[in-house]
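Reader: I'm new to this one. Can you show it to me, and then I'll ask a few things?

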Amino acid sequence: MEKSISSVLRMWPYSAGKSEIFVNSLLSSIGTYPALENVSPLGGRDGGRDLQSDDGYFRVACYFPVKEFKPYSDIELKFLGDMSKAAKGGAKHFTFVTGQILQLSEKKSLISRSSVPKTVIYDCTDILSLVSAPDAGFLRAELGFSEKIKSHDDEFFSELYRQVSFRKLINLFNDSIAPKLFPNGFFEIFDGLDYFNQTAQPKLLSRQFKIVFDAWEDSVGEFRNDLLYRDQFESTPDSRRLRLKQMDYVQFERVSKEVNLSFDSMVENTLSLARTAEEKLKLAIN
């Protein structure tokens, strides 16, 4: 099972020093804290203040037990101890940050017992809310969740899927009776591909994806020619389908073979493209 941000916060897999670096970045992102310094970056006694402002009025205690859940009694003991030291040191603002989970009532109870004028507590839920913001990628990176940079392949096929509904295309395959009858929903597919190609840059695709896309696009083009531009099909009376025109037997045999080949090729290449996008880019059809 892949690790989640909450599991990293609650079962901290890094050192105490790493947690202090993370908390400093977290509080800086909020925008209401002054510059904070690590009191004892190499370890040792810190007087209950892992981070503090230059004047000592802002003091921060970090509590991230390494790979261990802690009961409320342990969190309470840690909070009260660090808060007491901060108060004795003249702090006017005390912040307690922990990767453990606290109930709202528990946080209120702890804050009510603080002798520091301004006391704030951030627990796992609060931190998760902050690091989940769209612009908080640097915080997620601190926790080991680096942002994925999209490649041109990713962007190309994501946009293709937005412009062309592959789910609808596959449904159209199932609704077709090749080589004689095809839904007019293919018009929407053709129009979507035309619109996509106005800005697409297939030449920039990596070799594997370019081969797959070119084969699919060529097969769609060939089927489109059979359906629309070779005077072989006409609209049904209800205008919902295209049907093969009446023709002599020899011509019918030839046209049927050509249409079946182009249709089967389009089906095969559509499924190949969808499988490649799913396996290599983790993209699901829309």
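**Aromatic rings and a strand**

Author: Phe157 counts as buried, at 1% relative accessibility (buried is under 20% relative accessible area, exposed over 50%, partly exposed in between, with a 1.4 Å probe and protein chains only). This is a predicted model, where local features need pLDDT of at least 70, side-chain atom pairs count only at pLDDT 80 or more, and totals for chains, interfaces and linings use all residues. Residues are numbered from 1 along each chain as its sequence is written, and side-chain values use heavy atoms, with hydrogens and water left out.

Reader: OK. How many aromatic pairs are there?

Author: The count is 25, where rings of Phe, Tyr and Trp (its six-membered ring) pair if their centres lie within 6.5 Å; planes under 30 degrees apart are stacked, over 60 edge-to-face and the rest tilted. Phe157 and Phe209 form a tilted pair, 5.4 Å centre to centre with 55 degrees between the planes.

Reader: Where do Phe157 and Phe209 lie?

Author: Phe157 is in helix 7 (residues 152–163) and Phe209 in helix 10 (residues 207–229), so the pair ties together parts 52 residues apart in sequence. Helices (H or I, at least four residues) and strands (E, at least two) are DSSP runs, numbered from the N terminus.

Reader: Which residues cover each side?

Author: His93, Thr95 and Val97 are buried on one side, and Phe94, Phe96 and Thr98 on the other.
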